[in-house]
Amino acid sequence: MVVTASRIQAVRYKLAFERYIQEQGYADIRSLVAFSGTVKDPDTGIEYTEPGMNPDAVTGKSIPESQLPERFGSSDYQVLLVASKYQTGFDQPLLCAMYVDKRLDGVQAVQTLSRLNRKIAGKDEPFVLDFVNKPEDIYTAFKPYFDSTSLQESANPEMLPSIKHELDQLQIYHWSEVEAFARIFYRQPDRQNPADHAHMQRHLQPAVDRFKAIEDDEVRSSFRDKLGGYVRMYSFLSQILPYADPDLEMLYSYGRFLLPHLPLDRDNTVVRIGNEVELQYYRLQRVSSGPIELKVGEPEGVYSPTDVGTGKAKEEKAPLSEIIQVLNERFGTTFTEEDRLFFDQIKVRATSNSHVIQTAMANPLDKFQLGVRKLIEDLMIQRMAENDKIVTRYMDDGDFQRTAFPILAREIFEAVHTQQKSVDGGE
């Protein structure tokens, strides 16, 4: 969202945006403008209306004012230029950046900037670039509603080259791989093709293999945390600083794609619910009601990113009863302790099956899951009389099965390996 000072400024911004987009040849960026009534440019005498300046990218017809919020929420448009309109009451979770070219004060500042605070999965960190207002004025506007906050230390832009040098020295990625990745990633839109994703993955895989081959967990953790810190810091600083070194940008893009492929650690005994359970359904339930009181206290400082480091939260094993609780919350089911025992019985039956044992000992977890899926279904059907509601839901609901199966398969896989270690130790 671009917040302009007046309706005529919104019109001029719209005309300037359209000229720039056309001059640059952008085919995937489109803007919309929002203002009330008819605006006459005093310099040219031309009159403009909101619908007249907003042709639909699909039909070519003018977009009615009532349909503008819906069309802006589609993938056809990326920029919304406003003049007072939509500064308040506009609820668009996808909105993640705001450029302010208007004097804001008091409650208007709070309402305008708060357009960014809606949440949606995968949303980038909100960003505001203010060309007019002073930080102390925005602070004064928000102060009546929140505790005071002050910036204690500014970020140092010179840290990025230093962190990059440290990452380079670890030799987990080779710079030739970063460059090869970048040549595909930064291709012109008209040269892109469906095979690009696979080619980029091919240039990421060597680094993934080197990372997995490192025996020292501290080195692995240090690299992953430092790369993650570099990506976050570059994302923060590059919004306001024009870095001239293309290597910093290439490593940022490469690192963003590499990080999801780097395993957090070698501990396979922890069931990570967040990795195994995907939200497909939800239910609404009021658990409490009443006011939330904000009390003014001592001012607390906040910091810009000034360094990257390592840190691990304590991670505890999630018992099967906790997984049952998560499934209940996410799928709206009402499973009980008896249902947990049913899953335990399936696990006991499976871990005594010779085919399951052979498959678990000869394959990694992902291949093991492929090999035992049908057998687990058969075990459930055999015990259907003991828990009809779970088996029926498991067999009929594909989303439920895709959620429950990986957790159960992991439990069986780990139990087989634990049993075999005990057997080998006894011998």
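Me: In the crossing where α15 passes α16, is the hand left-handed or right-handed?

Reply: This is a predicted model, in which local features need pLDDT of at least 70, side-chain atom pairs count only at pLDDT 80 or more, and totals for chains, interfaces and linings use all residues. Residues are numbered from 1 along each chain as its sequence is written, and side-chain values use heavy atoms, with hydrogens and water left out. A crossing is left-handed if the near helix is turned anticlockwise from the far one by less than a right angle, and right-handed if clockwise. By that rule, the crossing of α15 and α16 is left-handed.

Me: At roughly what angle do the axes of helix α15 and helix α16 cross?

Reply: Axes are lines fitted to C-alpha atoms, for helices over the stretch in contact, and angles run from 0 to 180 degrees between N-to-C directions. Helices (H or I, at least four residues) and strands (E, at least two) are DSSP runs, numbered from the N terminus. The axes of α15 (residues 365-382) and α16 (residues 388-396) come within 9 Å, and they cross at roughly 145 degrees.

Me: How are α8 and α10 oriented to each other?

Reply: The axes of α8 (residues 196-213) and α10 (residues 246-258) come within 10 Å and cross at roughly 70 degrees. Angles under 35 degrees count as roughly parallel, over 145 as roughly antiparallel, 65 to 115 as roughly perpendicular and the rest as oblique. The two helices α8 and α10 are therefore roughly perpendicular.

Me: Which residues of α10 make the contact with α8?

Reply: The crossing of α8 and α10 is right-handed. From α8, the contact draws on H203, L204, A207 and V208, and from α10 on Y254, F257 and L258.

Me: What is the order of the five strands in the open sheet?

Reply: Two strands pair if DSSP finds at least two bridges between them. β2 (residues 31-34) is joined to β5 by four bridges, while β1 (residues 2-3) pairs with β5 over two bridges and with β6 (residues 97-100) over two bridges. The edge strands, each pairing on one side only, are β2 and β7. The pairing in this open sheet is parallel, and the order is β2-β5-β1-β6-β7.

Me: Which residue of β5 stands opposite V2?

Reply: V2 stands opposite Y99 in β6. In β5, L80 stands opposite L32, whereas the residue opposite V2 is L81.

Me: Are the residues of strand β5 buried or exposed?

Reply: Buried means under 20% relative accessible area, exposed over 50%, and partly exposed in between (1.4 Å probe, protein chains only). In a regular strand the side chains alternate between the two faces of the sheet. In β5 (residues 79-82), V79 and L81 point one way and L80 and V82 the other way, and all are buried.

Me: What is the relative accessible area of A121?

Reply: A121 lies in the loop between α4 and β7. Its C-alpha atom is separated by 9.3 Å from that of P93, 28 residues apart along the chain. A121 is exposed, and its relative accessible area is 80%.

Conventions: Contact = heavy atoms within 4.5 Å.
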